[in-house]
Amino acid sequence: MYNSKYVISGLVIFLAVFSYPFWGNLASKDYTGPKLSLPADQKQCIEPVEFMRAEHMTLLNQWRDSALRDGKRVYVASNGATWEASLQKTCMSCHTNKAEFCDTCHLENAVEPYCWTCHVPPKGNE
Amino acid sequence: MIISLLAVIALGILAWMGSMMGFQYVLGVCLPYTAVIVFLVGFAWRIIDWAKRPVPFSIPTTGGQQKSLPWIKPATLDNPSDKAGVWGRMILEVLMFRSLFRNTNVSIEGDRVVYWSSKFLWLFALIFHYSFLIIFVRHFRFFAEPVPFFVNGVEMIDGILQIGAPRLFMTGPLVIVALLYLIGRRIFNQKVRYISLLSDYFPLFLIFGLCATGIAMRYFMKVDIATVKVFVMSLLHFSPDTAALAKIGSIFYVHMFFLAVLLMYFPFSKLMHAGGVFLSPTRNMANDSRMKLHVNPWNPEKVYRTYEEYEDEFRVPMAEAGLPVVKKPEE
């Protein structure tokens with residue numbers, strides 16, 4: 001083999017970088033996913049849980065646009081119930097703690113919503 | 001072109017059907033492991049195979065003044081005469097695609113042949129590669145807990161426009177636009193179309209499928225990424241979590257399948273230019289053939305005969321014939 005000094009060192013760097021997900025996790029414990037603290041006194045969010053899981057960010061984005069740009073603060077859910085389109089007053093009245101609810105998933109999946117550049121994050125039961 | 005397009009569509013449908021018909025374990029567990037092994041081993045094998053090939057001639061490509069007399073300014077990057085120049089040229093080639101920047105286009109304007117600079121290939125190739133790199137780096141949020149520090153920084157910059165929710169990452173549309181250019185160039189530029197083969201179209205369509213399913217998963221046909229991370233982390237811990245796998249939507253399988261095909265295809269295709277660029281003799285040699293002798297490694301061992309040996313053999317007859325000799329023959 002020619003130029004083995006360069007070829008081998010380059011190859012080692014390449015393999016180390018591309019196998020990082022495997023060796024980087026050797027020491028870590030098994031990952032079990034985020035632990036949410038759900039509101040104790042409520043069984044049902046404003047929409048079904050699958051919808052909320054997938055679309056909550058879209059919903060909040062629509063709420064922001066309709067409430068702040070069109071002045072419409074009423075949201076009619078798919079089951080006919082009406083809600084006030086407000087993050088602070090509606091969502092956070094049940095999900096009272098940002099750190100224990102929003103952040104659990106967001107931090108582990110590196111999602112950084114910009115809700116909290118305007119809104120005050122509720123600290124909940126502290 | 002059509003065949004490779006159909007092949008990629010068929011692969012997508014295969015993965016979709018497979019995930020519906022109970023092949024989740026094969027698609028979600030067996031295939032990714034196989035793909036990673038094939039990719040890493042195949043890549044290393046190709047590189048070592050190339051590194052074993054001797055370079056018979058000194059063949060660097062040059063694009064500027066060679067180093068010569070001291071008052072003539074040499075082009076150190078385009079015609080490197082030493083290691084530093086080679087490193088500089090290689091780094092700029094890999095990071096900036098300088099050779100594509102030199103791309104020209106020829107056309108006939110009236111009765112004249114006109115050569116003009118054509119930077120689009122360079123521009124879109126650069127957009128494609130860097131977007132793909134950023135997308136790759138962003139995926140590390142699924143590969144480690146806690147999320148590596150660089151992922152948040154990259155996401156912040158990538159989503160700095162703060163469009164919509166989930167926040168639009170610029171690299172998504174950019175990589176699609178760049179891919180469409182690269183595909184369109186092969187279809188609508190007659191000269192390029194003439195030399196394009198299945199192996200040129202297939203990776204483009206495959207990567208297009210990979211990116212399209214990824215974008216679809218983020219913005220349109222959402223999957224539960226918390227579960228995806230649980231599953232991916234379980235794969236990385238070598239204890240696949242089939243319960244989590246069963247909860248993930250079919251589009252994820254299509255995405256994974258495209259990725260697995262890409263990884264397995266990579267070492268055996270033109271995509272190996274990723275490693276091959278470093279091993280190109282035209283790029284990694286210095287143009288120093290006037291300073292150093294380049295010996296072809298496969299030349300047979302040379303048998304030399306010095307004058308002393310020659311004289312030792314013929315000293316007596318030479319002296320007898322009156323020819324001058326270095327050492328007088330013994331009487």
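## Interface of chains A and B

Arg53(A) and Asp224(B) join their side chains in a salt bridge, with N to O at 3.9 Å. A salt bridge here is a side-chain nitrogen of Lys or Arg within 4 Å of a carboxyl oxygen of Asp or Glu. The model is predicted, so local features need pLDDT of at least 70 and side-chain atom pairs count only at pLDDT 80 or more, while totals for chains, interfaces and linings use all residues. Residues are numbered from 1 along each chain as its sequence is written, chains are lettered from A and ligands numbered from 1 in the order in which they are written, and side-chain values use heavy atoms, with hydrogens and water left out.

Glu55(A) and Lys222(B) also form a salt bridge, and their closest N and O atoms are 2.9 Å apart. This pair crosses between chains: Glu55(A) belongs to helix H3 (residues 49-69) of chain A, and Lys222(B) to the loop between helix H9 (198-219) and H10 of chain B. Helices are DSSP runs of H or I with at least four residues, numbered from the N terminus.

The contact (heavy atoms within 4.5 Å) involves 34 residues of chain A and 46 residues of chain B. About 3,500 Å² is buried between the two chains, 67% of it on carbon and sulfur atoms.

On the side of chain B that touches chain A, at least two residues each come from helix H2 (24-52), helix H3 (83-96), helix H6 (149-158) and helix H10 (225-236) of chain B. H2(B) supplies the largest share of that side, 10 residues. By class, that side has 31 nonpolar, 5 polar and 10 charged residues.

Helix H1 (residues 4-18) of chain A and H2(B) have axes that come within 11 Å and cross at roughly 170°. H1(A) and H2(B) are therefore roughly antiparallel, a label for angles over 145 degrees. Axes are lines fitted to C-alpha atoms, for helices over the stretch in contact, with angles from 0 to 180 degrees between N-to-C directions. In H1(A), the residues in contact are Val7(A), Leu11(A), Phe14(A), Leu15(A) and Phe18(A); their partners in H2(B) include Leu40(B), Phe43(B) and Ile47(B). The contact of these two helices has 12 nonpolar residues, no polar and no charged ones; Ala, Val, Leu, Ile, Met, Phe, Trp, Tyr, Cys and Pro count as nonpolar, Asp, Glu, Lys and Arg as charged, and the others, Gly among them, as polar.

Chain B also has cis peptide bonds, tabulated here.

| Cis peptide bond | Omega |
|---|---|
| Glu145(B) and Pro146(B) | about 0° |
| Ala165(B) and Pro166(B) | about -5° |

Pro146(B) is in the loop between helix H5 (120-138) and H6 of chain B. Pro166(B) is in the loop between H6 and helix H7 (171-188) of chain B.

Technical notes. Buried area is the accessible area (1.4 Å probe) that two parts lose on being put together, summed over both. Angles under 35 degrees count as roughly parallel, over 145 as roughly antiparallel, 65 to 115 as roughly perpendicular and the rest as oblique.
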